[in-house]
Amino acid sequence: MAHGIGALRGLRVTMGVFLTKPITVEYPFRKVKFSPVYRGGFCFYPNNCNACKSCQNACPNSVITVTGVRGEDKKMRLVKYEMDLQYCLYCGLCREACNKDALIMTDHIDLATYDRGVLKMELYEKQPDGPVRPAAAKTAGSAAGAAGQREVSQ
Ligand code: SF4
Ligand code: SF4
């Protein structure tokens, strides 16, 4: 008799689980909608950046290197923006430090890679004979894009 009651309870639990909607999703075939403040891969907008280095100074792991020059009008101009994402904690302190919205964090989560080299990224470099040589517009899904998006606005 006790066995029968136990079996019935077990069946009830099994049926309950069977009828409950699963909370997992079949990633990567289905994507989850993240919070707007989720801290995933980066997007960099060089046109917004004034090379103030606030992001570089805020970073606890020396991930960011900003190179700038002061123009004749005394304003700083961005020359190069680099990130070595293998040391990034995704803490978001750099993002918070930037009041120009030049560096934002996205919901891009495909960050894994087998090659550390691709995590050292040059997000922007000014060319001597031209205004900019932005990194590829969007590299999500490629090896380099695994580390972060390099989206630029021109
Ligand atoms: S998220 Fe944190 S660790 Fe990564 S670059 Fe920004 S400040 Fe540095
Ligand atoms: S990304 Fe923002 S904080 Fe960093 S140097 Fe550019 S303007 Fe300054």
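How many of the 154 residues in the protein chain are buried, as a percentage? The share is 29%, where buried means under 20% relative accessible area with a 1.4 Å probe, protein chains only.

Hello everyone, a word on the ground rules. This is a predicted model, in which local features need pLDDT of at least 70 and side-chain atom pairs count only at pLDDT 80 or more, while totals for chains, interfaces and linings use all residues. Residues are numbered from 1 along each chain as its sequence is written, chains are lettered from A and ligands numbered from 1 in the order in which they are written, and side-chain values use heavy atoms, with hydrogens and water left out.

Now the fold. The protein chain has three helices and six strands, taken as DSSP runs (H or I, at least four residues, for helices; E, at least two, for strands) and numbered from the N terminus. Read from the N terminus, the order is α-β-α-β-β-α-β-β-β.

Let's look at one pair of strands. Strand β2 (residues 64–70) and strand β3 (residues 76–84) run antiparallel, joined by seven bridges; pairing takes at least two bridges found by DSSP. Across from Gly68 you will find Leu78 in β3. Five residues lie between the strands of this hairpin, and Lys74 there takes a positive phi near 75 degrees.

On to ligand 1. Around this ligand are 13 residues, and Cys59, Cys88, Cys91, Gly92 and Cys94 come nearest (near means a heavy atom within 4 Å). By type, the shell holds 12 nonpolar residues, one polar and no charged; Cys counts as nonpolar and Gly as polar, while Asp, Glu, Lys and Arg are the charged ones.

Note on methods:
Buried < 20%, exposed > 50% of the residue type's maximum accessible area, 1.4 Å probe, protein only.
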